[in-house]
Amino acid sequence: MSGEQDRDLLAAEYVLGSLEGDERREAERLLSVDPAFAHSVSAWQQRLTPLAAQVAPAAPPADLWRRIERGIAPAATVAISPFRRRARFWQATTAGALAIAAALAAFMVLRQPEQTRVALLAPLAGGPPVLMARVERGDGLVVRPTTSIAVPTDKDLELWALPQGETKPRSLGVLPPSGRQLTAQLAPGTQLMVSLEPKGGSPTGQPTGPVLYGGWLTNIEIPRG
Amino acid sequence: MNAATSDDTAVLLHRCAGGDRAAFRLLYDRWGSRLYGIALRITRQPALAADALHDAFLQIWQQARRYDPARGGAEAWMVGMVRYRALDIVRRQAREIPGYEPEEREDGSPDALARLVSTTEGAALHRCLKELEEERRRLVVMAFVDGLSHSELAVQLRLPLGTVKSWIRRSLMQLRGCLAS
């Protein structure tokens, strides 16, 4: 069997949901870095999703919408109570989220209460966040991976910012897989994304490769605890 | 879900991408119960299903701009969002609770696949699933619908793990071929 067929089968098993352990992590990693794999996953979702029609709908808890509403919208401030630091919005359901929770916890301890902006960048095809971006001192941006990101040797990741209401993203430069610190004025609601580009970054000033990850900068408020 | 509704969903997603919260609410009204049902079937606990739905909708809002109709229907995209969050939760639970074993669960009714026939894609999948041997078909359906892992399926159906893996792989290859024809 060719490698390509093996990959397609792994994509199929990922969509089916039967993978576990290392195989599942490998599929999630490929989903983040390999556009062809992400394409396979989309195709298998199309094939298998009709099976979901078998499941009977059930009414979600009445308060769930309010919880969701609190979590969305860049304009909204997500208050994290000092006594309930495992705020659900950040308590994402993935291993990567542990790193994010740790980062936020350290941030809460070391810094005076203040407002800041963070974005979780997740693979577009679905999957857990792989990068966390945090605004520091107004015009600093720290981008850190929450999991290891593999980039083909002949490629680079490039970070982009798309302010709300604009249609063309602005390059924030090449992003090493280990993360980066940079200077940029970014308003809440700005969308951050990462594309796969030729070595050295996009030659055109706009993304030329597939956009792999994306997320919005959202205000969070960390009160005195 | 018929094509027209799926198109409506694509429109709502497009509006969400532009920051339209009213469209997001409509999306929740339209999909909340269905996606919650899917999450509940996988997690089997209302609190975990609610967490999965919550995380899925935040991700839907954040990534609505990424939804590309050219790459597939909105239904598959929406359903995928909640399934992967629910699977994250149950896989983590399996890992963190030592000796965790899934509880026995009842088989789906023999005509459980009948609902598939209501859409064109569903009818094709139904036809192709029927070409699989019954036990293999059960594996595929239980994995997708109940979110059971290879090892959970092995316990549940009292089959060797290697058999479960190879039957699933062969079934998926057979489905791919059948659906392409």
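**The interface between chain A and chain B**

Author: In this predicted model, 74 residues of chain A are in contact with 69 residues of chain B. The area buried between the two chains is about 6500 Å². Carbon and sulfur atoms give 58% of that area.

Now the polar side. Five salt bridges are counted between chain A and chain B. One salt bridge joins the side chains of A:R67 and B:D51, with N to O at 3.0 Å. There are also 17 residue pairs in polar contact between chain A and chain B, counted with both residues at pLDDT 80 or more.

Which elements of chain A give two or more residues to the side that touches chain B? Four are helices: α1 (3-16), α2 (21-33), α3 (35-48) and α4 (64-71). The others are strands: β2 (114-123), β8 (191-198) and β9 (211-216). By class, this side of chain A has 42 nonpolar, 19 polar and 13 charged residues.

Next, the partner. Chain B has eight helices and zero strands. From the N terminus on, its elements run α-α-α-α-α-α-α-α. Chain B has 181 residues, and 55% of them count as buried. Among contacts in chain B with a separation of 6 or more, 63% come from residues 24 or more positions apart. Chain B exposes about 8000 Å².

How values were computed: Residues are numbered from 1 along each chain as its sequence is written. Chains are lettered from A and ligands numbered from 1 in the order in which they are written. This is a predicted model: local features need pLDDT of at least 70, side-chain atom pairs count only at pLDDT 80 or more; totals for chains, interfaces and linings use all residues. Side-chain values use heavy atoms; hydrogens and water are left out. Contact means heavy atoms within 4.5 Å. Buried area is the accessible area (1.4 Å probe) that two parts lose on being put together, summed over both. A salt bridge is a side-chain nitrogen of Lys or Arg within 4 Å of a carboxyl oxygen of Asp or Glu. A polar contact is a pair of N or O atoms within 3.5 Å; within protein, one must be able to donate a hydrogen and the other to accept it, and residues adjacent in sequence count only if both atoms are side-chain atoms. Ala, Val, Leu, Ile, Met, Phe, Trp, Tyr, Cys and Pro count as nonpolar, Asp, Glu, Lys and Arg as charged, and the others, Gly among them, as polar. Buried means under 20% relative accessible area, exposed over 50%, partly exposed in between (1.4 Å probe, protein chains only). Accessible areas come from the Shrake-Rupley method with a 1.4 Å probe; for residues, only the protein chains shown count as cover.
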